[in-house]
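Hi everyone, thanks for having me. I'd like to walk you through a structure, starting with one residue and then stepping back.

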Amino acid sequence: MRNRYLDLLRFLAIVRVVVYHVTGWATLTLVFPAMSVMFALAGSLMAASLHRWGPGAVVRRLRRLLPSLWVLAAVFVPAMLLTGLPLTPKVLLWIFPIADPPANGWGAIALSVIWYLRDYLWFVLASPVALWLFRRAPVPTLVAPYALLAAAELGLLPALPVALHQFGLYFGAWLLGFAHQAGMLRRLANRVLVPVALALAAAGAAWIVTHPGPRGYDLNDNPLGNALWSAAFVLVLLGRGPASAPWVDRSAAFGRVVTVFNRRALTVYLWHMPFVVALTPLVDVVGWSHQDPVGLAIRVVLVFALVAAVTALVGWVEDVAARRPPELVPGRIRPAPATVRTAAGRTGGPGATRAAAGWPVDRPDTARPAGDETVGAPATGRAAVPAPREPETVEISAG
């Protein structure tokens with residue numbers, strides 16, 4: 001069954017990213033460091049996929065990741081070419097963004113979230129080797145990205161290339177996901193986890209306070225503070241969070257919303273920023289100030305409404321990529337099979353009446369749709385719990 005706690009974390013991260021991009025409130029990055037949480041969840045699911053499929057999990061994950069990008073590119077790349085973007089071979093990076101794909105002035109802002117797919121792509125490609133190293137030397141492997149980032153930020157290394165710098169910033173969270181999937185975080189005693197989390201949070205907070213960026217204490221302006229603060233956050237969320245959260249589905253409506261955001265995470269992430277940029281001029285036209293609570297609330301609602309519309313139009317691509325039956329709005333609640341009583345007085349499932357009548361009995365369909373994920377409690381060792389068929393990720397701009 002799906003781990004609804006991880007679904008809930010992903011849902012909260014996506015919502016937080018969208019709200020942050022609309023409001024620009026730096027405090028949101030401290031209250032919930034969404035990007036590191038998303039990378040940690042993705043790392044956990046990637047480790048589970050590698051456990052099940054081996055290196056072939058890389059191809060499966062890319063198959064899940066790229067089609068939604070291609071839909072976005074099919075709309076925006078022609079528009080950018082018509083408004084001044086030079087047609088060069090670099091445009092092909094929109095097919096496989098191993099580096100930042102080219103964009104013109106307005107496109108660079110509206111499509112700025114593409115950096116996440118670039119990092120995610122690199123992390124997926126590196127995961128087979130990283131998991132091999134992690135299984136043999138977990139602590140040194142986990143510490144390495146943070147040490148690399150600290151050395152760069154403290155001036156001990158020359159300026160790092162963008163891709164390598166992002167490895168230092170976010171790959172540590174990805175590796176914490178490996179530790180979560182292996183059950184290592186949950187097995188850590190409180191006497192170890194709590195002091196480590198507090199030390200990381202204190203070091204991160206001290207660095208953030210003493211090195212404010214142009215937007216104050218926004219984590220996106222402070223790589224080292226971001227990495228340390230977020231690591232503490234992830235340790236607590238994944239190390240001491242519940243094994244699952246069945247209460248999410250006590251409200252059918254809320255459970256459906258969480259499911260929709262998880263099944264359409266990539267679509268929501270890719271398309272929300274163009275709408276944020278498009279609606280920004282309304283601030284001046286309507287006369288709202290950038291800090292007007294009513295105006296900001298209206299903009300948040302409008303962005304989510306527009307994203308919902310485009311998600312209904314193209315979100316099914318995520319189903320096709322995951323080899324699930326495409327749905328307009330995912331998470332349809334199917335009624336439980338009625339229990340019937342056979343002629344012998346025993347209760348039975350859907351095939352009971354057919355059996356009583358002497359007809360062939362259909363086996364209850366307990367299989368999930370192809371590509372759906374199974375994430376239970378983390379594994380307690382290399383003999384992990386059944387790993388995801390195709391874990392859903394998106395995995396989400398700096399935010």
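Let's start with Thr-311, which you'll find in helix α15, residues 293-314. Keep in mind that this is a predicted model.

Is Thr-311 buried or exposed? Its relative accessibility is 8%, and buried means under 20%, so Thr-311 counts as buried. What does its side chain reach? The answer is the backbone oxygen of Val-307, at 2.6 Å. If we set aside neighbours within four places in sequence, Thr-311 also has contacts with Arg-264, Thr-267, Val-268 and Trp-316.

Now have a look at helix α12, residues 252-263. From first C-alpha to last, its twelve residues reach 16 Å, close to the 16 Å expected at 1.5 Å a residue. Which of its residues are buried? They are Gly-255, Val-258, Thr-259, Phe-261, Asn-262 and Arg-263. And what covers them?

Finally, let's step back to the largest nonpolar core, which has 96 residues. Phe-39, Trp-94, Tyr-116 and Trp-174 are the ones that touch the most other members. Helix α1, residues 4-23, gives this core its largest share, with twelve residues.

Beyond four places in sequence, Phe-39 touches Trp-115, Tyr-116, Asp-119, Tyr-120, Phe-123, Tyr-170, Ala-173 and Trp-174. Two names there, Tyr-116 and Trp-174, were in our list of core residues that touch the most other members.

Key:
Residues numbered from 1 in each chain as written. Predicted model: local features only at pLDDT ≥ 70, side-chain atom pairs only at ≥ 80, totals over all residues. Heavy atoms only, no water. Helix = DSSP H or I, 4+ residues; strand = E, 2+ residues; numbered from the N terminus. Buried < 20%, exposed > 50% of the residue type's maximum accessible area, 1.4 Å probe, protein only. Polar contact = N/O pair within 3.5 Å; in protein donor to acceptor, adjacent residues only side chain to side chain. Contact = heavy atoms within 4.5 Å. Core = buried A, V, L, I, M, F, W, Y, C linked by side-chain atoms within 4.5 Å. Expected span 1.5 Å × (residues − 1).
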